[in-house]
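Q: Got a model open here and would like to walk through it. Can we start with burial and go from there?

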Amino acid sequence: MASGKFDLVIKVGGEGGEGVITAGDFLTETAARAGYWAVNYKSYPAEIKGGYAQSTVRVSDERVYSTGDSFDILCAFNGEAVEKNMVFLRRAKDENKPKVLVYDSTDYTPDEELENVIYYPVPLSELAKDVMKAYITKNIIALGVLAELFGIPEQSIKDAIKAKFMRKGEKIVEMNYKAFDLGRQYVRENLQKKDPYRFPEPRTPENVVIMEGNQAVAKGSIAAGVEFYAAYPITPATTVGNYIVNDLIKRGGWLYQAEDEISSLGMALGASFAGKKSMTATSGPGISLMSEFISYAGITELPIVIVDVQRGGPGTGMPTKHEQADLFICTFGGHGDFPRAILAATTVEDNFYLAVEAFNLAEKYQIPVFLMTDGALAIRSEVFPTPQVEQREDGKVVIRGNIPYGVDEIEVVNRWIYNAEEDKEGKFRSPTGRFLRYKTDTPTGITPMGIPGDPNALHAITGLERTENTDPRFTPEIRVKQMNKRFRKLQTLLREDADRYYKDMRIDSDNADVGIISWGLTASIAREAAQRLREMGYTVNEFYPRLLWPVKAEVFEEFASKAKRLVIPETNYHGQLAFILRATTNIKDIISYVAYRGEAFIPKEIVDFIKMAIEKDIKKGWFTPSDVYGTVVGAI
Amino acid sequence: MAVLTAKDYRSEVEPTWCAGCGDYGVLNATARALAELQKDPAKVVGVSGIGCSSRLPLFLKGYNAHTLHGRAITFAIGVKVARPDLDVIVFTGDGDMFSIGSGHNPHVARRNLDITIIMMDNKVYGLTKNQISPTSRDGQPGTLTPYGNIDGHINPIMYMLTFGATYVAQTYAGNLKHMVKIIKEAIAHRGLSFVNIISPCPTFNKFDSYKYYKDHIVDINEDLGHTEIDNFNKAMEMAIHWDDNYRDPMNAKAHIGVYYKVEKPTYHDRIKEVQERYGYEPNIQNLIDVCKPKAI
């Protein structure tokens, strides 16, 4: 625990299907009900049934954005869960606080006493089978054990249990309360508390929601007014669709399960052409398949939001593992040159607001917009302040809340639709009266769309280069004018909108020991690392841009100029953001710090590397945790 | 609104097809069919892929989308699901629909989307200058198969019947009157309609000429007594005979006419049922607040 603060990491591990994930969810909800903050990192087995699953819940009295370096308490539902975590238990001897192991003594007996580890054996399986006569209550018994041992507020946890089971009737709630009480009773009668960990008293609960990453994407998209979603199942993006389908229907929209990812994007673009806010969500392989339509969206200037819930690549790669290796394909994928924008979320809360922003950019600029997230963020859940959606009488929608990148509110943007009434002088009409969908001389590059049904904006779209009135034509003059028109939209975006995504910046010194730039989930971990480095006495500047493309070079250059070294931690091999910044800015020296083992960094790895970089006066290069520790270390 | 004529459905863009291309006939027939139905041009959306035939929507006045090779159907589905009030017509070719785009055919048909698919079948890739297609005849030479086609052909009529299309017909670019009648019916049909149009390519397919079809065309409804068009088995049986024309082109006839027509609920009918069951939620905040810890 951090000094004087409440900050506890509880990990529940065991066989998939034994209620491990549910137990973690209960702990998260309990924290919210007791007025505390929580982040819950889950991992499911890759197998369809069985295999090791875990849920790591960090509970704190202030917002935290990572699940820390390791657990304080491990609740192991079986022997495998102990073995999987042995590497962390062994590390306890070098740490300044003990680790606690609560384990199912029906399944496991420790063969050694590890230093600085406190053991609490509980026959979880036996209690579930023999006393409760219901094996499925094992996780609730375990919650009772944890509640008694660590003083988890009883009312909050019982409310969480009731909320989950009340739909199934009073009897089921009672059975689960009984299981919970059984766990508590076992502890009282059989165990002596030996550890220092204890929940504080409940506080007045904040107005919060608990969402998973993909759920936040779904809810944010609904708030933005999405009307059409085309889906094709792919791990770990499928659940965006699962979460959005019911809401979408209730809002008068539709989710169409396509026959493949090519179709998904084709359908979403068709719906966009027909006037609807449209999206699709996929993972790396799906982005590869969509590439041709991404390029088509670029030339036809159709607004579209594409969510990339990244997974470990390449090829089929590691579908259930974390990686941030799609930045290249999202930035550069698709043939030819065309404008696009890329937003990347660092937390679940970000996912909500950036989904709205992605629609805003797509609709305003009529470009493909990528919202990049990843598999670990997808199934992470977070407690965060409830976003507020105000639907005004005039149709305007304004979203407020604790917007993590420092803006006060987001007004939902709708596309510019041609209105003949407002175009009396015929700015968007040819001398013969034809609608000029792609007029080239607007200062912003943006031109109004014609929506089917309007007799005044008839036109065809085509993937061919075209004249202002959309006739295919490839003369050098037309080509250059049309290209310039399309790319002028990116200049407008950099001028009018980029800054709002660059606000999450902290400058401690004009000559800091280190400046950290990071993106996606890694940013939420780097943030904690930066704080620890500060506590050690280093000066640290931080910058977590949410907009990764286009790049406003001067913002990055100025940030880089204020530190002795620039470190970019990210979880891919190339150091993809570092690569892009080397290409688009005048920043000379960048230290790329990468991990590509299929797991997120832990804060300690970033702290240890940056300490090393400062001590050895490293200014540039490419490094991995192996350069710090001499070996590949798993974190989860 | 004034009465619209065929030319009111034509855009200012002049076709770029070769002289004698069957697709001119298809364009004329489509414009006439739309005029006879007095469709509002602003509410007709033509969608195409890539190929000679796929240029067609660019020559129509209305809202049109010339999309990617093989992907017209996907885009058309998006348009139709988003805006069921629009008439959506896919213009495609034998390569576009049955080679690169074949994966989409089963799914648009089984769902019975209310879309019309007009396929111009010239049995050749023309835009890329003479390669064999999935409907090419045996022995037909192509630049990539100079030794003559050894690949076998597919029967588009049988496929679309099997996949669940609820209107399936074949017509011929050399018979404007028949084309107009069939295209009109296909557009008016509620559900997935598929029209295969034999559309000669005088530039690259010398065998399937106007002269050949003049001698071989037979109307299955008028001449062969195929009148029970709601009978799936009879439609399939008639469709099988399209293969005769491949096996023995000199003696077997080339069929035109309606193979199958049946009324079934469309995809949109079923969407409406689901939407009614769900009801409408006017307040977005309510959909977010369900993520709060539940009140006990």
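Q: How much of chain A is buried?
A: Buried residues account for 56% of the 636 residues in chain A. A residue is buried if 20 or more other C-beta atoms, placed from the backbone, lie within 10 Å of its own; with 12 or fewer it is exposed, and in between partly exposed.

Q: What kind of model is this, and how is the numbering done?
A: The model is predicted: local features need pLDDT of at least 70, side-chain atom pairs count only at pLDDT 80 or more, and totals for chains, interfaces and linings use all residues. Residues are numbered from 1 along each chain as its sequence is written, with chains lettered from A and ligands numbered from 1 in the order in which they are written.

Q: How many helices and strands in chain A?
A: Chain A has 20 helices and 25 strands. These are DSSP runs numbered from the N terminus (helices H or I, at least four residues; strands E, at least two).

Q: And what are its spans along the principal axes?
A: About 90 × 60 × 45 Å for the C-alpha trace of chain A.

Q: OK, β10(A). Buried or exposed?
A: Strand β10 of chain A, residues 278–282, has 5 of its 5 residues buried. On one side these are A:Ser278, A:Thr280 and A:Thr282, and on the other A:Met279 and A:Ala281.

Q: Why two sets?
A: Side chains in a regular strand alternate between the two faces of the sheet.

Q: Which strands does β10(A) bridge to?
A: Strand β8 of chain A (228–231) is joined to β10(A) in parallel by 4 bridges, and A:Ala230 stands opposite A:Thr280. Strand β11 of chain A (304–310) also runs parallel to β10(A), with 4 bridges; there A:Ala281 has A:Val307 as its bridge partner. Two strands count as paired if DSSP finds at least two bridges between them.

Q: Switching topic: what is the strand order in the sheet with β18(A)?
A: The order is β18(A)-β2(B)-β1(B)-β3(B)-β4(B)-β8(B)-β7(B)-β10(B)-β9(B), an open sheet of 9 strands with mixed pairing.

Q: How do β3(B) and β4(B) pair, parallel or antiparallel?
A: Strands β3 (87–93) and β4 (115–121) of chain B are parallel over 6 bridges. B:Val88 stands opposite B:Ile115 in β4(B).
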